[in-house]
Amino acid sequence: DCPGLVFPNFTSTRAEMVCNGVLPIDTLKDWIGPASYIALRIPKQVFESVYKIHIDFTNPTGSQILQAYSKHRGYMTGRGLPDEARGAKIILKDLVAGKLLYCHLPPDYDKEKYKNVI
């Protein structure tokens, strides 16, 4: 018998749990945290190549990525602004599904030993 969903205690924020697929994206009300989280970890070139968008900033924030994506897809609010919430849900679902790939090296990675690999 399972006691139910057990949340991991090693993640530090709710944004990480959303990005790791622990918390549901459809009921998400705060999309700024997860969007900022993935903007720090995934290079802008990945967003540009996967979604065929152009981001004008060197180190874009989550909001800037969402604005570029929403403008490109035509997602606008009633006031004529990019619908960042709608774009965030789609991008976060793509992240959880594996369309956006985020990989990092192990902590004990030796750059000198494996210099020809990366």
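Predicted model: local features only at pLDDT ≥ 70, side-chain atom pairs only at ≥ 80, totals over all residues.

Biologist: Why is Lys44 called buried?

Modeller: The limit for the word is a relative accessible area under 20%. Lys44 has a relative accessibility of 18%, so Lys44 counts as buried.

Biologist: What does Lys44 touch, leaving aside residues up to four places away in sequence?

Modeller: Lys44 is in contact with Ile55, Phe57, Thr58 and Pro60. With Ile55 there is a further detail: the side chain of Lys44 reaches the backbone oxygen of Ile55 at 3.1 Å. A polar contact requires N or O atoms within 3.5 Å.

Biologist: How do you know that Lys44 forms a salt bridge with Glu48?

Modeller: The definition asks for a side-chain nitrogen of Lys or Arg within 4 Å of a carboxyl oxygen of Asp or Glu. In this pair, the closest N and O atoms are 4.0 Å apart, and the pair is listed as a salt bridge. Both residues lie in helix α3, 4 residues apart, which is about one turn of the helix.

Biologist: How many salt bridges does a search of the whole structure find?

Modeller: The search finds 2 salt bridges. One of them joins the side chains of Lys93 and Asp26, with an N to O distance of 2.6 Å. Lys93 lies in helix α5 and Asp26 in the loop between α1 (14-19) and α2, so the pair ties together parts that are 67 residues apart in sequence.

Biologist: Why is Asp26 called exposed, and why is Lys93 called partly exposed?

Modeller: Exposed means over 50% relative accessible area, and partly exposed lies between the limits for buried and exposed. Asp26 has a relative accessible area of 54%, and therefore Asp26 is exposed. Lys93 has a relative accessibility of 40%, so Lys93 counts as partly exposed.

Biologist: Let us turn to the arrangement of the helices. Why are α2 and α4 called roughly perpendicular?

Modeller: Angles of 65 to 115 degrees count as roughly perpendicular. The axes of α2 and α4 cross at roughly 95° and come within 7 Å. The two helices are therefore roughly perpendicular to each other. Their contact is made by Ala35, Ser36 and Ala39 of α2 and Gly62, Ile65 and Leu66 of α4.

Biologist: What makes α4 roughly perpendicular to α5?

Modeller: The axes of α4 and α5 come within 9 Å and cross at roughly 95°. That angle makes α4 roughly perpendicular to α5. Here Ser63, Ile65, Leu66, Gln67, Tyr69 and Ser70 in α4 meet Glu84, Gly87, Ala88, Ile90 and Ile91 in α5.

Biologist: How do you know that Ser70 is buried?

Modeller: Ser70, which is in helix α4, has a relative accessibility of 0%, so Ser70 counts as buried. Beyond residues up to four places away in sequence, Ser70 touches Tyr75, Pro82, Asp83, Glu84 and Gly87.

Biologist: Why does Ala39 count as buried?

Modeller: Ala39 lies in helix α2. The relative accessibility of Ala39 is 13%, and therefore Ala39 counts as buried.

Biologist: Finally, what does the secondary structure of the protein chain come to?

Modeller: The chain has 5 helices and 0 strands, in the pattern α-α-α-α-α along the sequence. Of its 118 residues, 33% count as buried.

Technical notes
Residues numbered from 1 in each chain as written. Heavy atoms only, no water. Buried < 20%, exposed > 50% of the residue type's maximum accessible area, 1.4 Å probe, protein only. Polar contact = N/O pair within 3.5 Å; in protein donor to acceptor, adjacent residues only side chain to side chain. Contact = heavy atoms within 4.5 Å. Axes fitted to C-alpha atoms, helices over the stretch in contact; angles between N-to-C directions. Parallel < 35°, antiparallel > 145°, perpendicular 65-115°, else oblique.
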